[in-house]
Amino acid sequence: MDNSGTGPNVVDFRTTTTTTITRNGTSSGSFINYRYFKSVPGILKFFELLVGIICITTATPVVLNETYFLLIVAYLAIIITTLWIIVIFFRIESKVAVRPSWPALELFFTIGACLLYSFAMVVQFSAFSNVYFIHYNPKPRSIAAAVFGLINSILYGAGSYFAFMTWRAFNNTLVQSNARSPTF
């Protein structure tokens, strides 16, 4: 087993792009990162987005106040995942002047989303476990929303694993490059 943290599913956030400007002003550089979305973490991002949208559609209309927690978690996760997809797809991480640790940001987000979806799923299941409605039964839709919350929690947990592997590989590379060049 490869313990270096490198492999086909580890994302390299330190990409460089070579751009050639021609006389007519056109550029010939790759500004779109389509290869990431062919990897397991990229495919997981799309499934997280899709299951989040399904979770929102099954949780509405809101009948009990506990469902709002699941909706807030799902909306926040969808917005941040969409922003993350845009950042990776257009290689914005290499164009930003302030360079945060992108692998650490992704790791913290996916762990937080996994935990929040887990809590929201438990709240949703417990809210509809003993509720009886006379004229309208929203229980199947609400239970389905909780199940999709569980599925998304698992997806974000898998994304956390891949984000951790990327973060570890990124930090190992930084430690090795700092060890080679002494600072005075």
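This report walks through a predicted model of a single chain, from its overall layout down to a few individual residues.

**The big picture**

Let's start with the fold. If you take the contacts between residues at least 6 apart in sequence, 75% of them join residues at least 24 apart.

| Helix | Length | Span, first to last C-alpha | Expected span |
|---|---|---|---|
| H1 (residues 40-59) | 20 residues | 28 Å | 28 Å |
| H2 (residues 67-89) | 23 residues | 32 Å | 33 Å |

The span of H1 is close to the expected value, and the span of H2 is close to its expected value too.

In H1, the buried ones include Leu-44, Leu-49, Val-51, Cys-55 and Ile-56. That list also takes in Pro-41, Gly-42 and Gly-52, along with Lys-45 and Glu-48. In H2, the buried residues include Leu-70, Leu-71, Val-73, Ala-74, Ile-78, Ile-85 and Val-87. Thr-67 and Thr-81 of H2 are buried as well.

**The nonpolar core**

What sits in the middle of all this? The largest nonpolar core holds 24 residues, and those with the most contacts inside it are Phe-37, Ile-56, Ala-59, Leu-70, Ile-88, Tyr-117 and Tyr-156. H1, H2, H3 and helix H4 (139-180) each give two or more residues to this core. The largest share comes from H2, with 10 residues.

Setting aside neighbours within four places in sequence, Tyr-117 touches Gly-52, Cys-55, Leu-70, Val-73, Ala-74, Ala-77, Gly-149, Asn-152, Ser-153 and Tyr-156.

Gln-124 is another residue worth a look. Gln-124 lies in helix H3, and it counts as buried because its relative accessibility is 0%, under the 20% cut-off. With neighbours within four places again left out, Gln-124 is in contact with Glu-66, Thr-67, Leu-70, Ser-142, Ala-145 and Ala-146. Leu-70 turns up in the contact lists of both Tyr-117 and Gln-124.

**Aromatic rings**

There are nine aromatic pairs in the structure. In one of them, the rings of Phe-37 and Phe-89 have centres 5.8 Å apart and planes at 50°, so the pair counts as tilted. The two partners come from distant parts of the chain: Phe-37 is in the segment before H1 and Phe-89 is in H2, 52 residues apart. Phe-37 is buried, with a relative accessible area of 12%, whereas Phe-89 is partly exposed at 28%.

Trp-84 and Trp-102 form another tilted pair, with ring centres 5.7 Å apart and planes at 55°. Trp-84 lies in helix H2 and Trp-102 in helix H3 (residues 102-127), so this pair ties together parts that are 18 residues apart in sequence. Both Trp-84 and Trp-102 are buried.

Ring pairs also link Tyr-36, Phe-37, Phe-46, Phe-89 and Phe-90 into a cluster.

**Cysteines**

A disulfide is a covalent bond between the sulfur atoms of two cysteines. How many disulfides does a search of the whole structure find? The count is zero. Cys-55 counts as buried because its relative accessibility is 1%, and Cys-114 counts as buried because its value is 17%.

Most residues other than glycine have a negative phi, and most peptide bonds are trans. Two spots in this chain go the other way. The peptide bond from Thr-60 to Pro-61 is cis, with omega near 0°; Pro-61 is in the loop between H1 and H2. Arg-91 has a positive phi of about 55° although it is not a glycine. Arg-91 follows H2 and sits in the loop between H2 and H3. At 8% relative accessibility, Arg-91 counts as buried.

Technical notes: Residues numbered from 1 in each chain as written. Predicted model: local features only at pLDDT ≥ 70, side-chain atom pairs only at ≥ 80, totals over all residues. Heavy atoms only, no water. Disulfide = S-S within 2.5 Å. Buried < 20%, exposed > 50% of the residue type's maximum accessible area, 1.4 Å probe, protein only. Contact = heavy atoms within 4.5 Å. Helix = DSSP H or I, 4+ residues; strand = E, 2+ residues; numbered from the N terminus. Expected span 1.5 Å × (residues − 1). Phe/Tyr/Trp six-rings, centres within 6.5 Å; stacked < 30°, edge-to-face > 60°. Core = buried A, V, L, I, M, F, W, Y, C linked by side-chain atoms within 4.5 Å.
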